[in-house]
Amino acid sequence: MEEFSITKKSSGDIEILNLEGFLDAHTSVELEKELETLLASNKFKIIVNFKRLTYISSAGLGVFMAYIENTRNNKGDIKLCEMSEKIFNIFDMLGFPILFEIYNEENTAVEKFSNN
C-alpha cells in the first residue's frame, strides 16, 4: 500500500492541509476524518496544498465534493493549491476548476481568504 500523510498548519483563521503521497480509496478516509474534525471545530476556511501529492483517485476527488457544500454553507471554502500538472489535469478533466478555486501558490490562496 502506498503512503499518504497530512500535515496541518494555521494562518490566522485559515487551516492549511498539506497532502503527501498517494490519495486513493484506502487513504482518502484519513482526509475525510481531517476535514470532519475541522468542520466540527467550526473551521470553515480551508486550503489544501497538493505540492507533495503524487496520485489522486476518484475516491480522493470525491472527498472534496463531499465537504464543499458544508463549508460554503458556513461562509467558508475549500481552496486548492500547488498541484502538479498531472494532478491538475485530472481535476480539470472533471470540471473541478468551475467548482473550486485552484491557485498555483499557497500564499495566493491565503490572500484570497483574507480579501473576502
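1. **Basis.** This is a predicted model, in which local features need pLDDT of at least 70, side-chain atom pairs count only at pLDDT 80 or more, and totals for chains, interfaces and linings use all residues. Residues are numbered from 1 along each chain as its sequence is written, and side-chain values use heavy atoms, with hydrogens and water left out.

2. **Layout.** The protein has 5 helices and 5 strands. Helices (H or I, at least four residues) and strands (E, at least two) are DSSP runs, numbered from the N terminus. Read from the N terminus, the order is β-β-α-β-α-β-α-α-β-α. The radius of gyration is 13 Å, close to the 13 Å that the globule rule gives for 116 residues, so the protein is as compact as a globular protein of that length. That radius is taken over C-alpha atoms, and the rule is 2.2 Å times the number of residues to the power 0.38. Along the principal axes, the C-alpha trace spans about 35 × 25 × 25 Å.

3. Of the 116 residues, 43% count as buried. Buried means under 20% relative accessible area, exposed over 50%, and partly exposed in between (1.4 Å probe, protein chains only). Take the contacts (heavy atoms within 4.5 Å) with a separation of 6 or more: residues 24 or more positions apart account for 67% of them.

4. **The cores.** A nonpolar core is a set of buried Ala, Val, Leu, Ile, Met, Phe, Trp, Tyr and Cys residues joined through side-chain atoms within 4.5 Å. The largest has 27 residues, and Leu19, Phe50, Phe64 and Phe91 touch the most other members. At least two residues come from each of S1 (4–11), S2 (14–23), H1 (28–40), S3 (45–56), H2 (58–73), S4 (77–81) and H3 (85–93). Another core, of 8 residues, lies apart from it; Ile16, Ala109, Val110 and Phe113 are among its members. Leaving aside neighbours within four places in sequence, Phe50 has contacts that include Leu19, Ile56, Phe64, Leu80 and Phe91.

5. **Helix H1.** Its 13 residues should span 18 Å at 1.5 Å a residue, and the end C-alpha atoms are 18 Å apart, which agrees. The expected span is 1.5 Å times one less than the number of residues. Which residues of H1 are buried? They are Ser28, Leu31, Glu34, Leu35, Leu38 and Leu39. These cover an arc of only 130 degrees around the axis, which puts them on the same side of H1. The arc is that of the directions from the helix axis to the C-beta atoms. An α-helix has 3.6 residues a turn, so residues three or four places apart point the same way. The buried residues of H1 pack against S1, S2, S3 and H2. Exposed Lys33 and Ala40 sit on the face turned away from the buried side.

6. **Leu38.** This residue of H1 is buried, at 5% relative accessibility. Not counting residues up to four places away in sequence, Leu38 touches Glu15, Leu17, Lys43 and Ile46.

7. Is Lys79 buried or exposed? Lys79 is buried, with a relative accessible area of 1%. Asp77 is buried too, at 8%. Both Lys79 and Asp77 lie in strand S4. Their side chains are joined by a polar contact of 3.3 Å. The side chain of Lys79 also makes a polar contact with that of Glu101 (2.8 Å). A polar contact is a pair of N or O atoms within 3.5 Å; within protein, one must be able to donate a hydrogen and the other to accept it, and residues adjacent in sequence count only if both atoms are side-chain atoms.
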